[in-house]
Amino acid sequence: MTSFSPAELGRRIGSGLLSFPVTHFRADLSFDEEAYREHVARLSKYDVGGLFAAGGTGEFFSLTPTEVERVVTAAADSAPEATPILAPAGYGTATAVEFAAAAERAGADGILLFPPYLTEASQEGLAQHVEAVCRATSLGVVIYSRANAVYGADTVARLAESCPNLIGYKDGVGDIDTVTRIHARLGDRLTYIGGLPTAETYALPYLQLGVTTYSSAIFNFLPEFALAFYAAVREQRQADVTAMLSDFVLPYTELRDRRAGYAVSIVKAGLTVTGHDAGPVRPPLTDLTAPERETLSALVAGVSGA
């Protein structure tokens, strides 16, 4: 049973940095559960708002439903009660409902609802999709606005009223106007999460819009740096944020942007260069090249003292 009611979970995830642990694979691309459990336990020693198991950086899209439940169960078992674990739900509505049920079985505290697979949908269709998932679970649900599931302000307001266990809105679009409209209408009814790739680049301006937290992939391999950056953002230390962007985050994003899919691959490479190998990514993603890993290693050394 979850340690958090939906309302408690909303407050908890909004109070600190969030992250998506990578999912560990062996050389044959099978799930390396022991290494994954060790990784989650290591990350859980830090004071974070929550961890998203089998999420985007955790390669949700490449896992089978059975593997997703194994990954979420492993995360829930490996993290202390004080660290919320959110599980993924996605694809079509019926499948997302099944993922929500699996999340409860696995001991998750909440659900991150990814966009439906492939197809475009109207705002009415998206609203029905979210309402079906929220009805199917007692867990708190965070909607992820990105790709083919971009929620308008009217839709989010409707869902906040019709779904008591809707607790969060994660923005993966970067539409400041929409985020402003949603926050102005709903205030603290929802927790607002920054979800753009390498969210650190947007964290300080988003704070002004009521987005108090974001998901940091960098936390996987540079947890101290990620937490220091988050503290600088929350304390609005502009000079420190700018320095850390210049020293690491912006060069890191330039390396990430060299090839499609590197937003995940570069995180696994970061674990490799810091001595916590998580194995390869699964196709259709590809791993960084050896020279790219060397470039990343130099960047990491520059901010970690290695």
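Which helices each supply at least two residues of the lining of the largest pocket? That would be α10 and α11 (262-273), and the close-ups below take in that pocket and a few other spots. This is a predicted model, in which local features need pLDDT of at least 70 and side-chain atom pairs count only at pLDDT 80 or more, while totals for chains, interfaces and linings use all residues. Residues are numbered from 1 along each chain as its sequence is written, and side-chain values use heavy atoms, with hydrogens and water left out.

**View A. The largest pocket holds about 860 Å³ of space.** A pocket here is an open set of points on a 1 Å grid over the protein atoms alone, where a 1.4 Å probe fits, with protein on both sides within 12 Å along at least five of seven lines; lining residues have an atom within 4 Å of a point. The volume is the space filled by probe spheres set on the points. Of the 32 lining residues, G56, F61, F114, Y144 and R146 sit nearest the centre. The lining splits into 20 nonpolar, eight polar and four charged residues (Ala, Val, Leu, Ile, Met, Phe, Trp, Tyr, Cys and Pro count as nonpolar, Asp, Glu, Lys and Arg as charged, and the others, Gly among them, as polar).

**View B. The second largest pocket has about 300 Å³ of space.** Its lining has 18 residues, and G10, D188, R189, L190 and T191 are the closest to the centre. Two or more lining residues come from each of α1 (6-13), β6 (166-171) and β7 (191-194) (helices are DSSP runs of H or I with at least four residues, strands runs of E with at least two, numbered from the N terminus). α1 gives the most, with four residues.

**View C. Helix α5 (residues 123-135) packs on helix α6 (residues 153-162) at about 25 degrees, with axes 10 Å apart.** Axes are lines fitted to C-alpha atoms over the stretch in contact, and angles run from 0 to 180 degrees between N-to-C directions. The pair is therefore roughly parallel (under 35 degrees; over 145 is roughly antiparallel). In α5, Q123, E124, A127, Q128, V130 and E131 meet T155, R158, L159 and S162 of α6 (heavy atoms within 4.5 Å). This contact has three nonpolar, four polar and three charged residues.

**View D. Helix α10 (residues 238-256) and helix α12 (residues 290-304) cross at roughly 170 degrees, their axes coming within 10 Å.** These two are therefore roughly antiparallel. D247, F248, P251, Y252 and L255 of α10 meet E292, T295, L296, L299, V300 and V303 of α12. By class, that makes eight nonpolar, one polar and two charged residues.

Terms used. Angles under 35 degrees count as roughly parallel, over 145 as roughly antiparallel, 65 to 115 as roughly perpendicular and the rest as oblique.
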